[in-house]
Amino acid sequence: MTKSEDNEDNMTTQIIPVTAFTDQRPGTAGLRKKVAVVRQPHYLASFVQSIFDCAPELRGNTLVIGGDGRYWNRDAITLCVQMAAANGISRVLIGLGGILSTPAASHLIRQRGAAGGLVLTASHNPAGPNGDFGIKYNIAGGGQAPEALTERIFQTSLALTRYRIDPTVSVDLDRLGTTQAGALQIEVIDGVDDYAAQMATLFDFAQIRDWLAQGHRIRFDALHAVTGPYARRILIDTLGANEQDIVNAVPLEDFGGGHPDPNLIYAAELVAHMNGPHAADLGAASDGDGDRNMILGPGVFISPGDSLAMLADNLHLCPGYVDGVVGIARSMPTCRAADHVARQRGIELHETPTGWKFFCNLLDAGRITICGEESFGTGSTHVREKDGLWAVLAWANILAASGRSLPEIAISHWQRYGRHYFQRHDYEGLEADVADAIVADLRARLPQLVGQTLEGGLTVTLADDFTYADPIDGSQAKGQGLRVVMGDDARIVLRKSGTGTDGATLRLYLEHWRQDELNLDPATALAPLAALADTLIGLRQRTGRAEPDVVT
Ligand code: VG1
Ligand code: CO
């Protein structure tokens with residue numbers, strides 16, 4: 001190692017020579033790797049240096065740093081701070097204990113005018129020494145780094161020869177307040193404060209408090225992940241929810257050994273409660289980093305695509321959105337329930353590739369108010385990430401303001417617009433070449449599918465590999481998933497996941513719109529389409545799996 005000769009460097013800055021890593025291309029939401037990979041000497045430092053090299057605006061500016069609290073979060077944050085000091089960043093804002101939920105980090109970047117943020121999370125992927133770790137960069141304004149930037153970061157990582165670090169800088173993550181380390185100001189803040197204050201501006205807290213005081217209940221499961229402290233502060237301390245209804249609210253480094261993914265399988269305890277005799281009026285769970293949400297009513301599960309549509313239709317009941325919704329966006333695989341709401345209201349509907357980064361330009365340009373993904377993600381203009389607790393509060397506000405129950409809202413929505421039955425079938429841990437071959441084969445057969453009437457009488461009206469042209473900056477994203485569309489009635493979508501760390505995961509998305517039958521079990525409603533997809537793609541046969549690993 002050599003001492004820096006640059007005048008503006010501290011005497012203690014070191015320049016560490018490295019051999020470039022070749023596997024640091026970010027996926028759908030940042031870089032995600034096994035903990036063992038990220039802990040290799042120089043691995044994380046190399047990626048962080050590649051980010052800093054691609055974000056010169058950070059020099060002399062503020063950087064937000066926080067993570068979902070998973071195993072190795074604290075060590076990683078200390079490394080990021082030491083590198084920030086050596087790269088000319090003038091101030092870092094860090095969440096107490098090194099913890100910030102993903103939406104809270106996005107909000108802080110916006111609120112405090114930071115030039116960017118490092119969010120250390122692998123979201124719902126399991127944590128612990130044998131689990132996953134992840135890191136992503138958010139730009140000024142709080143949005144996820146756009147594709148062009150993540151690609152530049154990857155190219156930089158391939159050619160990296162050195163990184164800069166000041167190992168003498170230390171930070172006490174458990175003490176609130178500001179300290180100075182050379183030219184770097186380090187401020188540790190309570191990550192819940194700013195976030196809770198923003199929620200109070202968007203929703204009618206007094207109305208929700210009254211509704212709860214009348215005996216209504218919100219059941220929230222934090223799955224031992226990052227939202228625990230946020231939920232306790234807002235739901236219990238501010239709104240008066242029952243303490244015993246906010247469960248698994250202590251964040252643990254390994255998320256209690258669980259899988260902090262809010263879906264019907266991994267949030268089984270909540271699902272059982274909501275299907276039981278003492279069900280709350282609103283049941284919800286969030287994921288590892290607090291950006292996802294699952295919504296349930298007594299005896300009813302609201303699919304994320306439905307939740308997006310129902311929230312869009314009712315959001316004007318919340319004070320932060322009294323003027324209504326100017327436009328809606330959903331990711332391509334997300335069911336088309338929201339499209340009816342947009343059509344009915346005469347507002348724009350955008351269909352984007354999977355991943356929140358594709359919503360950010362639309363939000364910045366004021367073209368949409370709300371957006372969502374089938375993967376339990378919903379959010380609005382208030383930040384540039386999806387936001388789990390936001391969705392819970394939006395539902396609570398709508399229930400309190402309308403005086404209607406969640407099942408009533410759902411049923412009247414379906415009666416008005418029809419119901420989009422939806423399921424996602426995941427095949428995990430596949431060999432990459434098997435997964436790639438399955439996708440390639442279907443892609444090759446797409447052109448001849450158009451115009452064909454498939455078994456069950458559905459005719460294919462469109463079959464393509466989804467390409468998105470961003471209406472704001474004109475950038476194109478190609479190869480974003482194969483879709484076989486049967487008019488308004490049905491769709492089959494196939495794509496490869498960009499967040500896994502064990503082999504390849506294929507996701508098969510099934511959607512069937514029904515206006516006649518509104519109360520079917522989704523598995524029953526989708527069985528014919530699943531059989532059709534099986535004939536078309538042969539997923540089970542070609543992967544040798546009797547059934548998908550996860551159905552949500
Ligand atoms: C998955 C979801 C996608 C989501 C992404 C990040 O990506 O399908 O909708 O945006 O995870 O969510 P993929 O490429 O594995 O399908 V989170 O909560 O992990 O930040
Ligand atoms: Co997440």
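**View 1. Ligand 1 and the residues around it.** A polar side-chain atom of Thr28 lies 2.4 Å from an oxygen atom of ligand 1. Here a polar contact is a pair of N or O atoms within 3.5 Å; within protein, one must be able to donate a hydrogen and the other to accept it, and residues adjacent in sequence count only if both atoms are side-chain atoms. For Ser375, a side-chain N or O atom is 2.6 Å from an oxygen atom of ligand 1, and for Glu373 a polar side-chain atom is 2.7 Å from an oxygen atom of the ligand. Ligand 1 has 20 residues around it, of which Thr28, Ser375, Gly498, Thr499 and Arg507 come nearest; a residue is near a molecule if one of its heavy atoms lies within 4 Å of it.

Before moving on, a word on the model. This is a predicted model, in which local features need pLDDT of at least 70 and side-chain atom pairs count only at pLDDT 80 or more, while totals for chains, interfaces and linings use all residues. Residues are numbered from 1 along each chain as its sequence is written, chains are lettered from A and ligands numbered from 1 in the order in which they are written, and side-chain values use heavy atoms, with hydrogens and water left out.

**View 2. The cobalt ion (ligand 2) and its donors.** Ser123 (OG), Asp287 (OD), Asp289 (OD) and Asp291 (OD) coordinate the cobalt ion at 2.0 to 2.1 Å. Donors are N, O and S atoms within 2.8 Å of the metal (3.2 Å for Na, K and Ca); water is not among the atoms, so sites may look incomplete. Along the sequence, the donor residues follow the spacing S-x163-D-x1-D-x1-D. Asp289 and Asp291 are both buried, a word that means under 20% relative accessible area, with exposed over 50% and partly exposed in between (1.4 Å probe, protein chains only).

**View 3. Ser286 in strand S13.** Ser286 is found in S13, which covers residues 282-286. Helices (H or I, at least four residues) and strands (E, at least two) are DSSP runs, numbered from the N terminus. Ser286 counts as buried, at 0% relative accessibility. A polar atom of its side chain lies 2.7 Å from the backbone oxygen of Arg292.

**View 4. Helix H2, residues 43-54.** The 12 residues of H2 reach 17 Å from first C-alpha to last, close to the 16 Å expected at 1.5 Å a residue; the expected span is 1.5 Å times one less than the number of residues. Because 11 of the 12 residues are buried, H2 is largely enclosed by the rest of the structure. The buried residues include Tyr43, Phe47, Phe52 and Cys54.

View 5. H13 (residues 388-402) has 15 residues and reaches 21 Å from its first C-alpha to its last, close to the expected 21 Å. With 13 of its 15 residues buried, H13 is largely enclosed by the rest of the structure. Asp387 caps the N-terminal end, with a side-chain oxygen 3.5 Å from the backbone nitrogen of Leu389. After H13 comes Gly403, with a positive phi near 70°.

**View 6. Two loop residues with positive phi.** Most residues other than glycine have a negative phi. His224 has a positive phi of about 60° and lies in the loop between strand S11 (218-221) and helix H8 (227-238). At 22% relative accessibility, His224 is partly exposed. Phe255, with a positive phi of about 55°, lies in the loop between strand S12 (246-247) and helix H9 (268-274). Phe255 is buried, with a relative accessible area of 3%.
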